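This report is meant to be read with the sequence and the model side by side. Please look at the two together before going on to the sections below.

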Amino acid sequence: MDVFNRLAPFIQDFIYENKWEELHGNQVAACQVIFDSDDNLLLSSGTASGKTEAAFLPVLTHLYEKPARSVGVMYISPLKALINDQFKRLEQLLLDSNIPVTKWHGDMHPWTRRTG
């Protein structure tokens, strides 16, 4: 089975609706490692090469198939701007998934950080 067909339905719909022609090579490779092994994975590639999706597409598929009772995934970023950018992208991706996403950094109001 190809990687696309292994992704959660909401991810497949997102890819189709956003007219992606294909997954990047690093996205396919990351999916294969995460779906088919217990190995650790380190992603390193150029800017705008699809690293965020390479990590999140298979991880969110697992989270969709087996929902977490608490925090399911935590992404730590060195930059607030990167957190904000990735939050917007993940928020769109997760619209139809019933998986909540929250950003948290020092410029957020404390009430927002507590409630998501």
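## Aromatic pairs

The structure holds three aromatic pairs, where rings of Phe, Tyr and Trp (its six-membered ring) are paired if their centres lie within 6.5 Å, and where planes under 30 degrees apart count as stacked, over 60 as edge-to-face and the rest as tilted. One of them joins Phe10 and Tyr64, whose ring centres are 5.4 Å apart and whose planes stand at 55°, so this pair is tilted. Because Phe10 lies in helix H2 and Tyr64 in helix H4, the pair ties together parts that are 54 residues apart in sequence; helices here (H or I, at least four residues) and strands (E, at least two) are DSSP runs, numbered from the N terminus. Phe10, with 7% relative accessibility, counts as buried, whereas Tyr64, at 36%, counts as partly exposed; buried means under 20% relative accessible area, exposed over 50%, and partly exposed in between (1.4 Å probe, protein chains only).

Another of the pairs is formed by Phe14 and Trp20, which are edge-to-face, with 5.9 Å from centre to centre and 85° between the planes. Phe14 is buried at a relative accessible area of 17%, while Trp20 is partly exposed at 27%.

## Basis of the model

The model is a predicted one, in which local features need pLDDT of at least 70 and side-chain atom pairs count only at pLDDT 80 or more, while totals for chains, interfaces and linings use all residues. Residues are numbered from 1 along each chain as its sequence is written, and side-chain values use heavy atoms, with hydrogens and water left out.

## Overall make-up

Of its 116 residues, 31% count as buried. Among the contacts with a separation of 6 or more, 55% are between residues 24 or more positions apart, a contact being heavy atoms within 4.5 Å.

## Helix H2 and its partners

The buried residues of H2 are Phe10, Ile11, Gln12, Phe14 and Ile15, and these pack against helix H1 (3-6), H4 and H5. Two packed helices are described by the angle between their axes and the distance between the axes. For H2 and H4 the angle is about 140° and the axes are 9 Å apart; axes are lines fitted to C-alpha atoms, for helices over the stretch in contact, and angles run from 0 to 180 degrees between N-to-C directions. That angle makes H2 oblique to H4, because angles under 35 degrees count as roughly parallel, over 145 as roughly antiparallel, 65 to 115 as roughly perpendicular and the rest as oblique.

On the H2 side the contact is made by Pro9, Phe10 and Ile11, and on the H4 side by Leu57, Leu60, Thr61 and Tyr64. By class, this contact has six nonpolar residues, one polar and no charged, where Ala, Val, Leu, Ile, Met, Phe, Trp, Tyr, Cys and Pro count as nonpolar, Asp, Glu, Lys and Arg as charged, and the others, Gly among them, as polar.

## The nonpolar core

In soluble globular proteins, nonpolar side chains tend to be buried together. Here the largest nonpolar core has 18 residues, of which Leu7, Phe10, Ile11, Leu23, Leu57, Leu60 and Leu93 touch the most other members; such a core is a set of buried Ala, Val, Leu, Ile, Met, Phe, Trp, Tyr and Cys residues joined through side-chain atoms within 4.5 Å. Two or more residues of this core come from each of helix H2 (9-17), helix H3 (25-36), helix H4 (51-65) and helix H5 (80-93).

Not counting residues up to four places away in sequence, Leu23 touches Val3, Leu7, Ile15, Val28 and Leu57.

With its neighbours within four places in sequence left aside, Tyr64 is in contact with Ala8, Pro9, Phe10, Ser97 and Ile99. Tyr64 and Asn98 are 34 residues apart in sequence, and their C-alpha atoms are 8.4 Å apart in space. Asn98 is found in the loop between H5 and helix H6 (110-115), is exposed at a relative accessible area of 78%, and has a positive phi of about 65° although it is not a glycine.

Ala48, in the loop between H3 and H4, also has a positive phi, near 60°, and is exposed at 77% relative accessible area.
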